[in-house]
Amino acid sequence: MPAQEQVPEQQPASSAIWAFLIRFKPYLTSLAIIAVFALTAFAIYHLTSEVRYDEVETALLSTSWTSILLAIVFTGLSFVALICYDVNAIDYIGKKLPLPTVAITAFSAYAIGNTAGFGALSGGAIRFRAYSRLGLNPGEIGRIIAFVTLSFGLGLLAVTALSLLMVAPRVASIVGLDPLWLRVGAVVIVGIMVALFVVARGERTVSIGWLRLRLPDTRTSSRQFLVSALDIAATATALYVLLPDTHVGWPSFFAIFATAVGLGVLSHVPAGLGVFETVMIAGLGNAIDIDTLLGSLVLYRIIYHVLPLMLATVLLVASEIRQLAARPLFADIGQITVRLAPSLLSTLALIVGAMLIFSSVTPTPDDNLDFLSSILPLPIVEAAHFLSSILGLGLVVASRGIGQRLDGAWWVGIIAASAALVLSLLKAVAVFEAMFLGVFIAVMLLSAGEFTRHASLLRMRMGPAWLSAIAIIIAGAATILFFVYRDTQYSHALWWEFEFSEEAPRSLRALLGLVLASSALAIFSLLRPVTYRPDEMAGADLEKAIAIAKKQDMADANLVRMADKHIMFSQDGNAFIMYGIQGRSWIGLTDPIGEESEMSELVWQFVETARAAGGRAAFYQVSPKLLSYCADAGLRAFKLGELAIVDLETFDLKGSRLSGLRQALNRGTRDGLAFSLLTPDEAKSVLGNLRDISDAWLAHHNTREKTFSLGSFSDEYVLSQPVAVLRKDDKIVAFATVMVTDTKQEATVDLMRFLPEAPRGAMDFLFISIMEQMRSEGYRTFNLGMAPLSGMSKRDIAPVWDWIGGTLFEHGEKFYNFKGLRAFKTKFHPKWEPRYLAVLNGAGAALALMDVTLLIGGGVRGVVGK
């Protein structure tokens, strides 16, 4: 068994349980969401035991156009308020962005997030994609996401509590609770909110244990409370105007609505589907006819969830019109909208697929059925009904690939939607359904240029989140079927009844096909082999990678010469990623090397290959320019520290700014130190001396050779680049391997070794001499390497990752010389550039960082043994 896989024979039960929960957290979370939805579906089925489908259909069709238009207006007001969430968040972090692009980003994020509501399609990912293009860094985007999330939660809580104070008796009579307890709970919540409001005056900081939170000032809090109140009130009113005349007043309705929204959010079920409806039916079922209430809820879902998504799609279509791009305003909007096109289309494909699935278990209007029976034979109608449901499932599956810009998913979406459009007319003359499919096809065709990734849809592994979403859709279809055909006497004979008038058997067969197809998909995704590991680096691949590294600007690309990593080339072979595998982590080192035009596709290629092998993709020490590509692939960025870059063109020891370095150089000269830069051929003659120095250095520091992001001493590696040596009395006492490329944009050092008896300040002398030499040879910058955990945000609203990193930097000297390393590099007055770890989520970041440590240290044995 490999060292990293060894476990103790005995371990505490609590540790074993915790390890099990961590390992299977995504699957357990998905199972919990499915269980919550199943319970709510069961509750809805029993709460509506006296309701029939015909009554709901009648109530739905009887809704006036005036009510529908009012609901659309209030939906628009709600989204205006939602846009203000982002505006306030950007103002809170002290940034200024163009209002039109912020509005488009926020609107699209909420249109997608409110509808899909899970993982890769969340509003947070949309904001990261768009705002990173507008110049915000990951920490700032993280604060925006935290601001809007907390603002919505606290605003919902505060507004609900205030409404309960006013209408507690009325709400209590509806939901069957004691009004005293409702008011007590509301008073407690209001009291806490008021206390926070008072404490927040002057932007005070609250400390809770190790957590510090900077509360927004009174002006920001007041403004955000009003925005939250407007949002929730407008959303509630959008549903209220769809209800028939009722004695339930708006304040009472609002309190129940806010509670239903809150529970729907807490359930983590996509869009709160089922949970929201259950609370509304339980709260209002005694005051409003349930059939009418169900009809209003269905219409509300269409207006508040589907309509904004369609509007976002229209904006996407508009951005494709070339004439608009000629105007600066529309060019900015078009750039952001096209940037979000795959996410919008992915969500739209999910909705279209769900629509086809749900329509397969609902009856066809009698007039339409009579018309079909007069022109089509029964087998065609039966086949159209069954196949359209399977095509719906295909669109749901393809929606994930559409979000990843796979050309195969685009073709599946186009073919499935086109076939479904024809079948929707053959199975039920479903004109609205056909129109919806037509819009989807048109937008897909207009956005064809975005789907340039040549990846197999069959290799795409559906994760727990997507499988749970599919399970919820199928379970929802089953619930609808049993609700619609509640009065049908079920028997085995139903499966074999084929008549135009018998729609229950037709729906049952469609549901059975969906269950079988989705079950096969789940088994394929969960049980497919994940033992793939790439082959070791071949000699030809290494030579090819070295040739690419020579032609680009980043000196660290020469770490590929260590031949201790795997290499993944882009499809055109002009760029590569060097990476290592530790446990489940596939860790790419630095940005991809080579042609920048191929980086986006290479990032996707790496992430998908890792996922297909059951691995966790991560990128270590990446620059800000790569973050937008990582965001597209669903990765989040976590700051690691800052890289010190010295501008050699302005590096001059004659001025007062670097007088300390000039003194160190003069002192080394007085001590008899002499510097020289050896070519690889010249270094061969002293290779034995260099090896002795390296061995002495390792023994003196009681450490082992490192790997992955650091070089180790080997003859081939040391002689692959120039070597800087430091002599005292003609004896070499220190050396450093120098990494350069043909572009002369950047130089850096890797191995730095010296004898214990080397004069004090020898390394300062060596660095200064190397930099002076590189400047004289025409190199423009010098990379001093990264200072881990430096530059972490010290603001109280910084992400937890930054706060922990900053704390370690300030107080972790006993574990690592964080401050000393930063101080050494600061002497050279460098420019500091942030470096990040890009990975799927917070837990993945911690695990990936542990695996990076093991890679660098040479496994568990290497880390433990230094």
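**Exercise 1.** Does Trp181 count as buried or exposed, and what is its relative accessibility?

*Solution.* The structure is a predicted model, in which local features need pLDDT of at least 70, side-chain atom pairs count only at pLDDT 80 or more, and totals for chains, interfaces and linings use all residues. Residues are numbered from 1 along each chain as its sequence is written, and side-chain values use heavy atoms, with hydrogens and water left out. Begin with the location: Trp181 lies in helix α8, residues 179-199 (helices are DSSP runs of H or I with at least four residues, numbered from the N terminus). Next, apply the cut-offs, by which buried means under 20% relative accessible area, exposed over 50%, and partly exposed in between, with a 1.4 Å probe and protein chains only. Trp181 counts as exposed because its relative accessibility is 64%.

**Exercise 2.** Determine where Phe713 is found, and whether this residue is buried or exposed.

*Solution.* Phe713 is found in the loop that runs between α26 (687-700) and α27 (715-718). With a relative accessible area of 15%, Phe713 is buried.

**Exercise 3.** Identify the residues in contact with Phe713, leaving aside its neighbours within four places in sequence.

*Solution.* Contact means heavy atoms within 4.5 Å. On that basis, the partners of Phe713 include Leu687, Leu690, Arg691 and Ser694, and also Val718, Phe735 and Leu751.

Note on methods. Helices (H or I, at least four residues) and strands (E, at least two) are DSSP runs, numbered from the N terminus.
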